[in-house]
Amino acid sequence: MKFSEDFYWGGAVAANQCEGAYLEDGKQMSTADIKARGFFGGLRRDADYYPTHKAIDFYHTYKSDLKLMAEANFNIFRTSINWARIYPTGEEETPNQKGLDFYHDMFKYCHELGMKVMVTISHYETPLYLVDTYGGWDNRKFIEFYMKFVRTIVDNLDDVVDYWLTFNELNAIHGYAKLGIHKETPQTFYQCQHHMFVASSKVIKIGHEMMPGAMFGAMFAMSEMYPATCKAEDVFACYEHRRMNYFFIDVMARGKYPNYAQKIFDEKNVHLHMEDEDLELIKEYPLDFVSFSYYRSSTITADHFTTMDPMGIMGGEGNPYLPSTPWGWPIDPLGLRYCLNELYDRYQKPLFVIENGLGEIDRFEDGTVHDSYRIEYLSKHFQAMKDAINIDHVPCFGYTMWGPLDLVSLSTGEMKKRYGFVYVDMDDEGNGTLKRVKKDSFAWMKKVIASNGEDLTY
């Protein structure tokens, strides 16, 4: 009951949630930079505070922060490359060299510390100028804007990046910040997704040509789903709901639109515009591996199909048999094992748990955070992952916990929703010293990785 000797242990962040320096060294505004603070704070251009503008200042502190990750025995680090730091408006003919230098220096330093690098190419950091000028991903022009960005970073960073993810959470992204669309309808939403499918396959095509042997994935949000009861209607509703989520991975990992896609499009009055070569490109260049986030599970009923997602992809209700986080997310370690088995049964491709963790309201006392609850959460999820690998023989080759340092929450724009095993002294209004302090979970995580997951005691 152990992990392979070459199993990856690490952490994951997004540039827009940690870097700050939002207008420094040539960078201009991205879509993430107009997300105001507050619980599910919306996109505004007149707010008094935007958490991502300063974030946790990782842009200036990355060396000391990465040293902490190495001290915790990480052997991989995942982050995104902020598109607006490389092409500030998206239309420049030449890239911003300071942006390229920043990422090259950072990734080179990761290797010096003994950590591989996994890059998310697009993590909601589209240049704001592009979407204001051209709309969003429902405009096919975005494929070539994106590909110019991709060719540049692959050409300049191929020597310091080990794994690539083309997009982050296609199955859970909506609206202006993520897709750049001003008015979201099922038609614009699925048209955006099709263009992203094509763009992803184009990335894999040029990536394999330029870097033979390189591995490309994409990140999917994979909360587990259960029927709320054994009523046949609830079971079938859960099945349909699950397929709506799997649709995205089906296209990208299997290389074709699934048969049930037409039912979704018929019900939502969606008519995709495709070019002749699109489907062949998607077929020829599917994902090399499947990476996914797992935070929670939910239950589905036939009469309350979804409560969260206007496109009917994510969502669901709580579970009376499971405890929940302060944000109402059921804590379900067994669901991770279930999810790993589901994914491998369906795709027969290597898997990577790319995000997982516990968002909590931590109390800073006695000079640290005594987060035994986070240790218990991680221990139980690691055991579930170990069971999937050893008992069920699922080929999962790595794990990166979300937010090893506390960072700005994507969904809520808060700092108080903390995931890290390193505390960052900043509050929801941006007040604080930004000092980093190891929580109790830091020493525990260091021990776990040193034992390669054999010692999960807490």
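The structure is a predicted model, in which local features need pLDDT of at least 70, side-chain atom pairs count only at pLDDT 80 or more, and totals for chains, interfaces and linings use all residues. Residues are numbered from 1 along each chain as its sequence is written, and side-chain values use heavy atoms, with hydrogens and water left out.

Strands are DSSP runs of E with at least two residues, numbered from the N terminus. Strand 2 spans residues 76–80, and five of its five residues are buried (under 20% relative accessible area with a 1.4 Å probe, protein chains only). I76, R78 and S80 point one way from this strand, whereas F77 and T79 point the other way. In a regular strand, side chains alternate between the two faces of the sheet.

Two strands pair if DSSP finds at least two bridges between them. Strand 1 (residues 8–12) runs parallel to strand 2 and is joined to it by three bridges; A12 has R78 as its bridge partner in strand 2. Strand 2 is also parallel to strand 3 (residues 116–120), with five bridges between them, and the partner of T79 in strand 3 is V119.

A cavity is a set of points on a 1 Å grid over the protein atoms alone where a 1.4 Å probe fits but cannot get out. Five cavities of 30 Å³ or more were found in the whole structure.

Methods:
Buried < 20%, exposed > 50% of the residue type's maximum accessible area, 1.4 Å probe, protein only. Helix = DSSP H or I, 4+ residues; strand = E, 2+ residues; numbered from the N terminus. 1 Å grid on protein atoms, 1.4 Å probe; cavity = no way out; pocket = protein on both sides within 12 Å on 5 of 7 lines; lining within 4 Å. Points joined across faces, edges and corners; volume = space filled by probe spheres on them.
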